[in-house]
Amino acid sequence: MLKNTEIRYCLDQIGEMFPEAHCELNHTNPFELIIAVSLSAQCTDKLVNKVTKDLFQKYKTPEDYLQVSIEELQSDIRSIGLYRNKAKNIQSLCRMVLDEYDGEIPMDRDELTKLPGVGRKTANVVVSVAFNIPAIAVDTHVERVSKRLGICRWKDSVLEVEKTLMRKIPAEEWSVTHHRLIFFGRYHCKAQNPQCPSCPLLELCREGKKRMKAKAVING
């Protein structure tokens, strides 16, 4: 496990690599963001943005999503994985937002997780990006990078990863760190082909050193 000084070094290096890290899901308001994040489960942001380009032209409000049949909404998001379930959740979410929150997306994470299809990760993204409330959303990239570097333990659950990061990182840096870890995992420390040889964190990374050692053995 990394010491606090080593974690600080890692975060600073990642910050230098990806100073412009941000939410890559296109949206113009909290409602569009929660729809986009809901659609992004097991799907790339790139594909979601392709779909929402037309979707957000057609549907502007929760009422709009409820004025069409479930089949029509499914058709509009068909190219996205799990589209049937996501269409059902979107309509249920819109109904609940209208009935219980006066048509406004709640700012509280616990309230957000009451909405259909909205888990803790989605809620954290929304409070952080839409409302500027410090939060760390643990997606596959954040989890992978945190475990590979040794900030968290391999056996940690997603919630344990989130709590560990919150404990080890200053609150005012939670949101920006979340984006930077995503960019680092998406564009550098990839799941299949991490760029270990050119990584500035190699000397501290237990996974990187292991991979480089294995590579050296293979290459003889």
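1. In this predicted model, helix α1 (residues 4-17) and α11 have axes that come within 9 Å and cross at roughly 70°. An angle from 65 to 115 degrees counts as roughly perpendicular, and α1 and α11 are therefore roughly perpendicular to each other. On the α1 side the contact is made by Leu-11, Ile-14, Gly-15 and Met-17; on the α11 side it is made by Thr-177, Arg-180, Leu-181 and Phe-184. By class, the residues of this contact of α1 with α11 are five nonpolar, two polar and one charged.

2. α11 also takes part in the largest pocket, where it gives the most to the lining, with five residues. The space in the largest pocket is about 840 Å³. Its lining has 37 residues, and those nearest the centre of the pocket are Ser-40, Cys-43, Asp-45, Lys-121 and Asp-139.

3. Which elements give two or more residues to the lining of the largest pocket? They are α2 (30-39), α3 (45-58), α6 (83-100), α8 (120-131), α9 (140-149) and α11 (174-187). By class, the lining of the largest pocket holds 13 nonpolar, 15 polar and nine charged residues.

4. Two of the pocket-lining elements, α2 and α8, also pack on one another, at an angle of about 150° and with their axes 10 Å apart. Angles over 145 degrees count as roughly antiparallel, and that makes α2 roughly antiparallel to α8. The crossing of α2 and α8 is right-handed.

5. The residues that α2 brings to its contact with α8 are Pro-30, Leu-33, Ile-34 and Val-37. They meet Thr-122, Val-125, Val-126, Val-129, Ala-130 and Phe-131 in α8. In this contact of α2 with α8, nine residues are nonpolar, one is polar and none is charged.

6. α9 is another of the elements in the pocket lining, and it packs with helix α10 (residues 158-168) at an angle of about 70°, the axes being 10 Å apart. α9 and α10 are therefore roughly perpendicular to each other. Their crossing is left-handed.

7. How is the contact between α9 and α10 made up? α9 contributes Val-142, Glu-143, Ser-146 and Lys-147, while α10 contributes Val-158, Val-161 and Leu-165. By class, the contact of α9 with α10 has four nonpolar residues, one polar and two charged.

8. The largest cavity has a volume of about 100 Å³. It is lined by 14 residues, and Cys-189, Pro-194, Cys-196, Cys-199 and Cys-205 lie nearest its centre.

9. Each of α9 and α12 (206-218) supplies at least two residues of the lining of the largest cavity. Which element gives the most to that lining? It is α12, with three residues. The lining of the largest cavity has eight nonpolar, three polar and three charged residues.

Conventions
Residues numbered from 1 in each chain as written. Predicted model: local features only at pLDDT ≥ 70, side-chain atom pairs only at ≥ 80, totals over all residues. Heavy atoms only, no water. 1 Å grid on protein atoms, 1.4 Å probe; cavity = no way out; pocket = protein on both sides within 12 Å on 5 of 7 lines; lining within 4 Å. Points joined across faces, edges and corners; volume = space filled by probe spheres on them. Helix = DSSP H or I, 4+ residues; strand = E, 2+ residues; numbered from the N terminus. Nonpolar A, V, L, I, M, F, W, Y, C, P; charged D, E, K, R; others polar. Axes fitted to C-alpha atoms, helices over the stretch in contact; angles between N-to-C directions. Parallel < 35°, antiparallel > 145°, perpendicular 65-115°, else oblique. Left-handed = near helix turned anticlockwise from the far one by under 90°. Contact = heavy atoms within 4.5 Å.
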